[in-house]
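Visitor: I would like to learn how to read a residue that sits beside ligands. Please take me through one case.

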Amino acid sequence: MIVLKLGGSAITEKDRPETLDGKSLTAAAAAVSTAFETGDGDSDGDAIEELVIVHGGGSFGHHNASEHGVTTTAGSHDPAAVHDIHGAMTTLNEFVLSRLLEYDVPAVPVHPFSTAHRDSDGDLTLPSQQVSTLVEEGFVPVLHGDLVAHAGEGVTVVSGDELVVDLARSLDADRIGLCSTVPGVLDDADEVVPEIASFDAVADILGESEATDVTGGMAAKVQALLELEPEASIFGLGDIEPFLAGDEPGTTVR
Ligand SMILES: Nc1ncnc2c1ncn2[C@@H]1O[C@H](COP(=O)(O)OP(=O)(O)OP(=O)(O)O)[C@@H](O)[C@H]1O
Ligand SMILES: C=C(C)CCOP(=O)(O)O
């Protein structure tokens, strides 16, 4: 079981509201298709059979959430905000799904707003039975960063990264990959840091996203991945194929 996140910064023009990066999305869909269908998808030469995709927001969702003052902790009770933010994410989800379908990946949508919630401490509950059943039935579920019902706050944002971590646990994933617009976590000299084992060791070089982002950029990503038992890789668009083939491109978070 592989959980792969297509970062919003990789598949959209993150600094231009609601603008897709069509070329990058096509490259991502082609790479997933190669691994899923052709038989050279993993190190044994077998096609990948169990894959869950999560995508982020990029220029869809973050701008809308920022305008409405909604973050992962600060909520809203305004139905217009819900339609605006969730609507932007489902629009992007439609783009992602149709591109994957064009490449014969059996992609189907799962919208976290309709299935997940947070309690008053902000802890997320994301039922995974629907996702695992879809996988068993041969589909590739495609979830996305979204809004979720949040006790005491109305609705708050759930990032794709948080969904990845939650799904990796509940689905007992073997491999976790986060594709972003950077080739990995970069040090002060813009070189890829090959391995991260503690947050303190890299806290000084980790920052937020350069574009509008309500979920914390690279720092939040690394922090979330360090909580996981299995290793996770952070890599750029060109490394989706090697990752799905069994390599550990970019930065490995252990
Ligand atoms: N040390 C670092 N190495 C690499 N990127 C960093 C670093 N510090 C901050 N960043 C920023 O983090 C961004 C990646 O995080 P971001 O949350 O934008 O990625 P994403 O998951 O692809 O997008 P989204 O959150 O929209 O899904 C990079 O584009 C860069 O601007
Ligand atoms: C801003 C929204 C609604 C989702 C953000 O998801 P992310 O891009 O994975 O952080």
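This is a predicted model: local features need pLDDT of at least 70, side-chain atom pairs count only at pLDDT 80 or more; totals for chains, interfaces and linings use all residues.

Visitor: Where is Lys5 placed?

Guide: Strands (E, at least two residues) and helices (H or I, at least four) are DSSP runs numbered from the N terminus. Lys5 belongs to strand E1, residues 2–6.

Visitor: Is Lys5 buried or exposed?

Guide: Buried means under 20% relative accessible area, exposed over 50%, and partly exposed in between, with a 1.4 Å probe and protein chains only. Lys5 has 7%, so Lys5 is buried.

Visitor: With which side chain does Lys5 make a polar contact?

Guide: A polar contact is a pair of N or O atoms within 3.5 Å; within protein, one must be able to donate a hydrogen and the other to accept it, and residues adjacent in sequence count only if both atoms are side-chain atoms. The Lys5 side chain has such a contact with the side chain of Asp161, at 2.9 Å.

Visitor: What else lies by ligand 2, and how much of ligand 2 is buried?

Guide: An N or O atom in the side chain of His62 is 2.8 Å from an oxygen atom of ligand 2, and a backbone N or O atom of Gly160 is 2.7 Å from one. Accessible areas come from the Shrake-Rupley method with a 1.4 Å probe; for residues, only the protein chains shown count as cover. Ligand 2 alone exposes 330 Å², and the protein buries 98% of that.

Visitor: How much of ligand 1 does the protein cover?

Guide: A polar side-chain atom of Lys14 is 2.8 Å from an oxygen atom of ligand 1, and a backbone N or O atom of Glu210 is 3.2 Å from one. On its own ligand 1 has 640 Å² of accessible area, of which the protein covers 91%. Helix H1 (8–11) and helix H8 (217–226) are the elements that give two or more residues to the shell around ligand 1.

Definitions and conventions. Residues are numbered from 1 along each chain as its sequence is written. Chains are lettered from A and ligands numbered from 1 in the order in which they are written. Side-chain values use heavy atoms; hydrogens and water are left out.
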